[in-house]
Amino acid sequence: MAASTGSNQAIKPDSNLFKSFVGVAAIKKGYEGVDRDKIARTVYEASKDSLYFNHQQKRDEALTEKCNALMERKRLLEESDTTSQLFHADKVVARLKNNRDLSQSIVHIDCDAFYASVEQRDRPDLKDVPFAVGDTVVAACNYIARKTGCRAGMVIAVAKKMCPNLKIVKPNHDRYREVMAQICKAMQKYDPGYEICGTDEAYLNITKYCKEFDIKPWDVVESLRKDIRHETGIAVAAGIAANTQLAKISSTFIKPDGQYQLPSEPDIMMAFIKDLPVRKVTGVGHTLDRQLASIGVATCDDIFSQRQFLRDLFGDRLFEFLLEVYLGCGRTELQATLDQQKKSASIERTFKETSAPDIVERNLRTVCEHVEAKLKELNRAGQTLTVKVKMNDFESYSKQTKLPKAISSARDIFQHSLPFVKATLASKPHQPCRLLGVRLTQLVSKNYTLNAAFQRMADKSTHSKPDSLSGAKEKQLSSPAGKRKLGDNLDSRALSPRKKKSNLALENPEVNPLEPPRCPDEMVRCPICDRDQPLDNVTFNQHLDICLSSSEIQKYS
DNA sequence: GCGGATCAC
DNA sequence: TATGGTGATCCGC
């Protein structure tokens, strides 16, 4: 039904696929006044003959079909009597309104173009030139580069086409982690329960701090930003609002530097949201945006006018999430980064495409070894294995299996993964494969009894420093019933890898009382310094003594 | 429980 | 010279 994009020669400038080439340039800061059509044309010209493009095109067509189906279903609903759906929606709106908590001051910290900012800080030669950080894909670029249409996610070869003098900088992930650790240290002072999302964002709840010192949120955030700038030389944007959702939107409001406070008054909150495109809301991605658009929802206010259709069209969870968006609801409780437990460990690698079984097998082995290392770091084993294979047409296949017992060694993982990889390759004769992935979920602790003992020890010595220790606890966060909705979940998905390490590093820069022994077989994790120690009570107790006293010393130094 | 999709960064 | 990696969740079966 819809204009098919199946034939390559005439892609319409107003088609969704075409627009998708502009990508985030459509909504991000730094792209005002950029010629979006030109960006789309350039990207299109550069990619139209690739397998990747074909794949994207297929996906786009599937999405268009989905949207058409939605439109048709909505048309049918419109012909029927929707009073009961309307009634139900209003009931939910009333309930959500009633349950809103406006008493908290949530802050969202956003380091805009984080990698680029760090590089620019360290390298004066980048000051006035367009540059991008990344390997084959742009991870971040400065504002000069953005003016030419360069953006995160773009293939560097294409970015160079648009911006011939674009300078490419290889990412220095260790440096970015250091900077993030410094930022964490600054945040700690205002809210030890801060939550990190991804590599460059964080939430704080400063309600307590404001009360305790009788300072206004605005002033607290001003001094927090000053601290961060002083510690790191990086400017951050901050949003202050009643919940995470609004705080985040507020911070994007004044990027790249500055702060914005949204008063916690229902009318003001809703007016703030009203004309906002739903795409800007955390949790509404490209796909949902397209689907919503097809039924006449472009802004948050449109959600309300279409509320009688949303449950039928999108299901209960999404329905309630959308109403929350309309009301400006969001999480008011943060999940302290130091408390978070990983639920999975995975590695996936793209390599030079090949259909040679022995090479694929070797790649799989490497991937499995990396997974083993990761599990070792977590001191976990996994009971559910997921193997993923992506072929050179970008189609991917996966298989998930629940194993009789948890595994963690590369040998076991490889052994259980290989059959699916082989079968997938065999089902596509002569078709090269470009990526392999292995994930373990249902993670279980490798040393139950000892872990419990450590926790007791940690608890005993933790009074003044709960956060540096709680990472080792098996804390079950029983979320308040009915409070954790889709929005919350969507919002709290990305955790920062290695956050424990970075925090530890900043608190105890030199804490390394005992060199972690090399023999990796029977090891257990020390809850204080987070390093593996031999599974031997005497040695471990010695270690613990040193480690504890050393962290005490650190505390008072 | 499984497989595919979506979303965020 | 050519499209990433990690982690989490949801939906439909």
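Guide: Let's start with a term: a salt bridge is a side-chain nitrogen of Lys or Arg within 4 Å of a carboxyl oxygen of Asp or Glu. In this structure, Glu 72, Arg 75 and Glu 79 are linked in a network of such bridges.

Visitor: Where does the model come from, and how are things counted?

Guide: It is a predicted model: local features need pLDDT of at least 70 and side-chain atom pairs count only at pLDDT 80 or more, while totals for chains, interfaces and linings use all residues. Residues are numbered from 1 along each chain as its sequence is written, chains are lettered from A and ligands numbered from 1 in the order written, and side-chain values use heavy atoms, leaving out hydrogens and water.

Visitor: OK, how many salt bridges does the structure hold?

Guide: The structure holds 22. One of them joins the side chains of Arg 331 and Glu 195, 3.0 Å from N to O. That pair links distant parts of the chain, 136 residues apart: Arg 331 is in the loop between helix H15 (307-327) and strand E9 (344-354), and Glu 195 is in strand E5. Helices (H or I, at least four residues) and strands (E, at least two) are DSSP runs, numbered from the N terminus.

Visitor: Are Arg 331 and Glu 195 buried or exposed?

Guide: Both are buried. Buried means under 20% relative accessible area, exposed means over 50%, and partly exposed is in between (1.4 Å probe, protein chains only).

Visitor: And which residue does Lys 248 meet in a salt bridge?

Guide: Its partner is Glu 201, at 2.8 Å from N to O. Lys 248 sits in helix H11 (residues 244-253) and Glu 201 in strand E6, 47 residues apart.

Visitor: Why does Lys 248 count as buried?

Guide: Because its relative accessible area is 18%. Glu 201 counts as buried too, because its relative accessibility is 16%.

Visitor: What about Arg 229 and Asp 257, what do their side chains do?

Guide: They meet in a salt bridge of 2.9 Å, N to O. Arg 229 lies in helix H10 and Asp 257 in the loop between H11 and E8, so the pair ties together parts that are 28 residues apart in sequence. Arg 229 is partly exposed, at 43% relative accessible area, and Asp 257 is partly exposed at 35%.

Visitor: New topic! In what order do the strands of the open sheet come?

Guide: The 5 strands run E5-E6-E1-E7-E8, with mixed pairing. Two strands pair if DSSP finds at least two bridges between them. The edge strands, E5 (195-197) and E8 (258-261), each pair on one side only. E8 pairs with strand E7 (residues 237-241) in the parallel sense over 4 bridges, and Ala 238 has Gln 259 in E8 as its bridge partner.
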